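Hello,

Here is the structure I said I would pass on. Please take a look, then read my notes below.

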Amino acid sequence: MYCPYCRNEDSRVVDSRLVEDGTAIRRRRLCPACHRRFTTVETTSLSVIKRSGVAEPFSRTKVMSGVGKACQGRPVSEDDLSKIAQEVEETIRAKGVAEVDANEVGLAILAPLRRLDQVAFLRFASVYQGFESLEDFEAAIADLRAQPGPKDLPPEGEQRPLTAR
Ligand SMILES: [Zn+2]
């Protein structure tokens, strides 16, 4: 790849290190033309197969925008969305496969979104799981009530914020 400083076509690897969880390699490179150093990160490519059969690269940004739609008007920050997208990517990469169905990406979103915001979770699940009736919502709500997450149990007398942080 080109040197990001001088666009020289060649660079020399001076150091290679596995990142902590072993899913990527970080290489320190030296440009022989301008003698500056830069870092590249090498990961396996991860493709998402859409319902149409078309493969596209996994994108955290897409996860964030999908989840973001479900979170409109909810007390959810960009940072929350970014953490969900990261968790989704980690969950999927942990499967150790190069391709996943779009469906699996949706599944991987459900758990962290449920912990983050129940209303957004219901919105997302209703679209993703194709809720068709009030009964579908009732079943999902009953399930949420049966297994509340840690964030659903505020200390006595404390209310969760209702406005955006
Ligand atoms: Zn250079």
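Arg-7 counts as exposed, because its relative accessibility is 55% and the cut-off for exposed is over 50%. Keep in mind that this is a predicted model. Arg-7 sits in the segment before strand S1 (12-18). Its backbone stands out: Arg-7 has a positive phi of about 65°, yet it is not a glycine. Most residues other than glycine have a negative phi.

His-35 is the other spot to check. His-35 also has a positive phi, about 60°, and is not a glycine. You will find His-35 in the loop between strand S2 (24-30) and strand S3 (37-43). Is His-35 buried or exposed? His-35 is exposed, with a relative accessible area of 58%.

**The zinc site**

Which residues hold the zinc ion? The protein donors are Cys-3, Cys-6, Cys-31 and Cys-34, each through its SG atom. They lie 2.3 to 2.4 Å from the zinc ion. Along the sequence, these donor residues follow the spacing C-x2-C-x24-C-x2-C.

The geometry is tetrahedral, with angles of 107 to 116° among the four donor atoms.

Cys-3 is buried, at a relative accessible area of 0%. Cys-6 is partly exposed, at 33%.

**The chain as a whole**

Step back for the overview. The chain has five helices and six strands. Starting at the N terminus, the order of elements is β-β-β-β-β-α-α-β-α-α-α. The chain has 165 residues, and buried residues make up 33% of them. Now take the contacts between residues at least 6 apart in sequence: 42% of these join residues at least 24 apart.

**How the helices pack**

Start with helix H1 (residues 60-70) and helix H2 (residues 78-93). They pack at an angle of about 125°, and their axes are 9 Å apart. H1 is therefore oblique to H2. Their crossing is right-handed. On the H1 side, the contact residues are Arg-60, Val-63, Met-64, Val-67 and Gly-68. They meet residues of H2 including Leu-81, Ile-84, Ala-85 and Val-88.

Next come helix H3 (residues 102-116) and helix H4 (residues 118-128). Here the packing angle is about 160°, with the axes 8 Å apart. So H3 and H4 are roughly antiparallel to each other. H3 passes H4 in a left-handed crossing. H3 contributes residues including Leu-107, Ile-109, Leu-110 and Leu-113 to the contact. From H4, the contact residues include Phe-121, Phe-124 and Tyr-128.

The last pair is H4 with helix H5 (residues 134-146). How far apart are their axes? The axes are 11 Å apart, and the helices pack at an angle of about 140°. That makes H4 oblique to H5. H4 passes H5 in a right-handed crossing. The contact joins Gln-118, Phe-121, Leu-122 and Ser-126 of H4 to Phe-137, Ala-140, Ile-141 and Leu-144 of H5. Note Phe-121: it is listed in the contact of H4 with H3 and again in the contact of H4 with H5.

Best wishes

Conventions:
Residues numbered from 1 in each chain as written. Predicted model: local features only at pLDDT ≥ 70, side-chain atom pairs only at ≥ 80, totals over all residues. Heavy atoms only, no water. Donors = N, O, S within 2.8 Å, 3.2 Å for Na, K, Ca; no water. Tetrahedral: all angles 85-135°; square planar, octahedral: opposite > 155°, others 65-115°. Buried < 20%, exposed > 50% of the residue type's maximum accessible area, 1.4 Å probe, protein only. Axes fitted to C-alpha atoms, helices over the stretch in contact; angles between N-to-C directions. Helix = DSSP H or I, 4+ residues; strand = E, 2+ residues; numbered from the N terminus. Parallel < 35°, antiparallel > 145°, perpendicular 65-115°, else oblique. Left-handed = near helix turned anticlockwise from the far one by under 90°. Contact = heavy atoms within 4.5 Å.
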